[in-house]
Amino acid sequence: MIRRPPRSTLDRSSAASDVYKRQARNIAKKLDEQLPRFFKTLPRKPYGVAPVPDAIAPKYTAGRYIGTSAESTDPGYYWVNTYNLPSRPLYLIPSLTAHEAVPGHHLQGSLNNELPETIPKFRRNLYLSAYGEGWGLYTEFLAEEMGIYTTAYEKFGKFTYEMWRACRLVVDTGIHAFGWTRDEAVSFMEENTSLSIHEINTEIDRYISWPGQALAYKTGEMKIRELRSKAERELGDLFDIRQFHEVILEIGTGSGYQTSILSMLFQKVTTIERIDALYNLSKERLTKLGFKNISFLHGDGHHGYKPNSPYDAIIV
C-alpha cells in the first residue's frame, strides 16, 4: 500500500509515459518560476526534460542530469526514467526534479561552467560528489520553502527520499566496511524504505560499484545546511537567502577540503550582510539629520557613488 498508493502510479503504456514526462515538465516550470526569489545569479544555459534512452533505462536510476560543456550550444537535460512506470510514483517527481534540474544540478553545474577564468580551472571543471550532490540534496530541502510540495502525497515523497538517503548510509557502510551481501543490502532497504523493489535493486547495484558515494552526498548536504543554520543564527534579520546561495555557488567546485572552503564562505556571507546593514543604518541616520545626497564607498564596490558628483555625505 505504501509503495503503490492508489492513483499515484501509472501503467506501462505510452500514454502513461507522456503523463509522467508532462508532470516532470510541470514541476520544472514551477521551480523555474521561484528561482529569482532564492538566487541572485541564474545560468544563461537552458535545460530540457527528456526520457532516459530505452537502451539503458531498465537498469538506470529514476532520473539524471546530463550537462554540457561551457562551449557547447546544446542545452542541459533532465532525464526522467519512464521504464516500468508502476515502480515510479508520481509523488516522487517534485523531489527528483528539484535535485536533478533546478535549483539542483542544472543550476549549479551551469553556473560552474559560466564562472570567470579568475576561478581556478579545476573548480570550474571538476565534479565532486560532496559538493555537487550535497547541493542536490540541499535543494530537495529548499524546494519545500519554494512551495513545490503541494499535496500530502508529494510531502510523503519528500520524506520517502529522506528515508532512502538515510538508509543508504547504512547500506554503503554495510557493503564496503562490514562485508554485507547484496541480498542483505536489498532486504534492509526493502524493510526500511518505501522505494519500489525495482528501484531498490537498481540503487543497490549502484552502491556496490561506487564505494562511499552515498556518504559523500549526505556529508555535503549536512555541511551546507549547517552553514545556513549558522548564518541565520548569527545574522538574524540580516540573513539574505539569495546572498547565501550566491556565496555557496560563486567559487565553483571545492577541493578535497570542501568543508574548510564552505566554512570560510560563511565569513564572507556575514561580512557582506553586515556592510550592507551598516550602510542602511548610517544612511537612515544621516537622512534624519538633513543630508539628501548620500553615497557609500568601500573596498568591494559602492552604492550609487559617482566621481566628481556633489554629495552631502559619503559613507566610507
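Which residues in α1 meet I241, R242 and H245 in α10? The section on α1 and α10 gives the answer.

## Basis of the model

This is a predicted model, in which local features need pLDDT of at least 70, side-chain atom pairs count only at pLDDT 80 or more, and totals for chains, interfaces and linings use all residues. Residues are numbered from 1 along each chain as its sequence is written, and side-chain values use heavy atoms, with hydrogens and water left out.

## Helices α1 and α10

P36, R37 and F38 in α1 meet I241, R242 and H245 in α10, where contact means heavy atoms within 4.5 Å. By class, the residues of this contact are three nonpolar, one polar and two charged. Here Ala, Val, Leu, Ile, Met, Phe, Trp, Tyr, Cys and Pro count as nonpolar, Asp, Glu, Lys and Arg as charged, and the others, Gly among them, as polar.

Helix α1 covers residues 14-38 and helix α10 residues 241-249; they pack at an angle of about 95°, with their axes 8 Å apart. Axes are lines fitted to C-alpha atoms, for helices over the stretch in contact, and angles run from 0 to 180 degrees between N-to-C directions. The two helices are therefore roughly perpendicular to each other; angles under 35 degrees count as roughly parallel, over 145 as roughly antiparallel, 65 to 115 as roughly perpendicular and the rest as oblique. Helices (H or I, at least four residues) are DSSP runs, numbered from the N terminus.

## Helices α5 and α6

Helix α5 (residues 129-145) packs against helix α6 (residues 152-177) at an angle of about 155°, with their axes 11 Å apart. That angle makes α5 roughly antiparallel to α6. In their contact, L137, E140 and E144 of α5 meet K158, Y161 and R165 of α6. The residues of this contact comprise two nonpolar, no polar and four charged.

Helix α2 (residues 93-100) is largely enclosed by the rest of the structure, because eight of its eight residues are buried. Buried means under 20% relative accessible area, exposed over 50%, and partly exposed in between (1.4 Å probe, protein chains only). Among the buried residues of α2 are I93, P94, H99 and E100.

Helix α3 (residues 105-113) is mostly covered, with seven of its nine residues buried; these are H105, H106, L107, Q108, S110, L111 and N112. At 7% relative accessibility, H105 counts as buried. Leaving aside residues up to four places away in sequence, H105 touches Y65, H99, E100, S110, Y127, G132, E133 and G136.
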